[in-house]
Amino acid sequence: MTLGFTQEKKEVEKRIKESEVHEDAIEWLEDAYENKRKTKWYYQTDGDEEVFEAKLKYKKHLHSVEFNLKGEVQNVEVLLKEKEMDKAVHQNITGYLENNYNKYSFSKIQIKYTGEEDDLEDMIDENEFEDITINYEIEYYGKTDSEDELWEGIFNENGMFLEKRVVKIKATDNLDY
């Protein structure tokens with residue numbers, strides 16, 4: 001089943017001070033990640049949506065937690081290595097890529113958790129996954145006869161394709177004079 005295709009991903013991320021972040025976001029993060037190390041905060045926009053993002057290392061993985069501007073948690077993403085993926089999920093995702101591209105390679109693999117704030121907190125500090133939606137957010141290079149792009153694909157918890165969009169990397173990431 002093929003679901004969708006969204007336009008372009010044009011994220012802009014700017015490092016900010018913790019003092020610029022809504023206090024509810026800071027409080028939630030401290031409750032959920034009790035033994036966390038240093039957190040880096042970012043303001044991020046993709047043109048439509050504005051969020052605060054906390055990035056930290058927790059249990060040997062990089063975690064990224066998005067909050068809306070009111071300080072409400074939106075999702076938790078955990079960076080994975082390809083070999084850490086569930087075998088069946090990996091097979092489904094690579095099956096999709098093999099069927100749709102002549103060549104492909106993974107750029108970034110994240111598992112994305114969404115749910116109510118309390119449920120996400122329980123997932124982190126008690127390893128409970130009740131009422132949590134799990135998706136995989138995969139950035140990959142995909143080449144066809146007519147396309148050669150960096151894509152962001154969203155796959156469900158079983159590795160079935162949901163949607164994709166082209167990732168546009170700003171040329172202004174280079175120095176502007």
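Helices and strands here are DSSP runs, numbered from the N terminus, where a helix has at least four residues and a strand at least two. The exercises below use these element names, and the model they describe is a predicted one.

**Exercise 1. Find the loop that holds N127, and decide whether N127 is buried or exposed.**

Solution. Begin with the position: N127 belongs to the loop between α3 and β8, the strand of residues 133-143. Next take the backbone, where N127, which follows just after α3, has a positive phi of about 60 degrees, a positive value in a residue other than glycine. Last comes accessibility, for which exposed means over 50% relative accessible area. N127 has a relative accessible area of 58%, and therefore N127 counts as exposed.

**Exercise 2. Carry out the steps for K60: where does K60 lie, and is K60 buried or exposed?**

Solution. The residue sits in the loop that runs between β4 and β5, the latter covering residues 61-67. K60 is not a glycine, and yet its phi is positive, at about 65 degrees. With a relative accessible area of 76%, K60 is exposed.

**Exercise 3. State how many helices and strands the chain has, and in what order the elements run.**

Solution. The chain contains three helices and ten strands. Read from the N terminus on, the order is β-β-α-β-β-β-β-α-β-α-β-β-β.

**Exercise 4. Compare the radius of gyration of the chain with the value for a compact globule, and then describe the extent and surface of the chain.**

Solution. For 177 residues, a compact globule would have a radius of gyration near 16 Å, and the chain, at 17 Å, agrees with this. Along the principal axes, the C-alpha trace spans about 50 × 50 × 25 Å. The accessible surface comes to about 11,200 Å², and carbon and sulfur atoms account for 42% of that surface. Of the 177 residues, 41% are buried.

**Exercise 5. Describe how helix α1 meets helix α3, and which classes of residue take part.**

Solution. Start with the geometry: the axes of α1 (residues 23-32) and α3 (residues 117-126) come within 9 Å and cross at roughly 35 degrees. Then list the residues, for W28, D31 and A32 in α1 meet E117, L120, E121, I124 and D125 in α3. By class, this contact has four nonpolar, four charged and no polar residues. Finally, look at α3 itself, in which D119, L120, E121, M123 and I124 are buried. Those buried residues pack against α1 and also against the strands β4 (50-58), β6 (73-80) and β7 (103-114).

**Exercise 6. Identify which residues touch the most other members of the largest nonpolar core, and follow one of them, V76, to its contacts.**

Solution. The largest nonpolar core has 41 residues, of which W28, Y33, W41, F67, V76 and Y136 touch the most other members. The element that gives the most to this core is α1, with five residues. For V76, neighbours within four places in sequence are left aside, and the contacts then include W28 and Y33, as well as L120, M123 and I124.

**Exercise 7. Decide whether N75 is buried or exposed, and say what N75 touches.**

Solution. N75 is placed in strand β6. Buried means under 20% relative accessible area, and N75, at 5%, is therefore buried. Not counting residues up to four places away in sequence, N75 touches S64, V65, E66, K112, Y113 and T114.

Notes. Residues numbered from 1 in each chain as written. Predicted model: local features only at pLDDT ≥ 70, side-chain atom pairs only at ≥ 80, totals over all residues. Heavy atoms only, no water. Axes fitted to C-alpha atoms, helices over the stretch in contact; angles between N-to-C directions. Contact = heavy atoms within 4.5 Å. Nonpolar A, V, L, I, M, F, W, Y, C, P; charged D, E, K, R; others polar. Rg over C-alpha atoms; globule rule 2.2 N^0.38 Å. Buried < 20%, exposed > 50% of the residue type's maximum accessible area, 1.4 Å probe, protein only. Areas by Shrake-Rupley, 256 points an atom, 1.4 Å probe, with all protein chains shown as cover. Core = buried A, V, L, I, M, F, W, Y, C linked by side-chain atoms within 4.5 Å.
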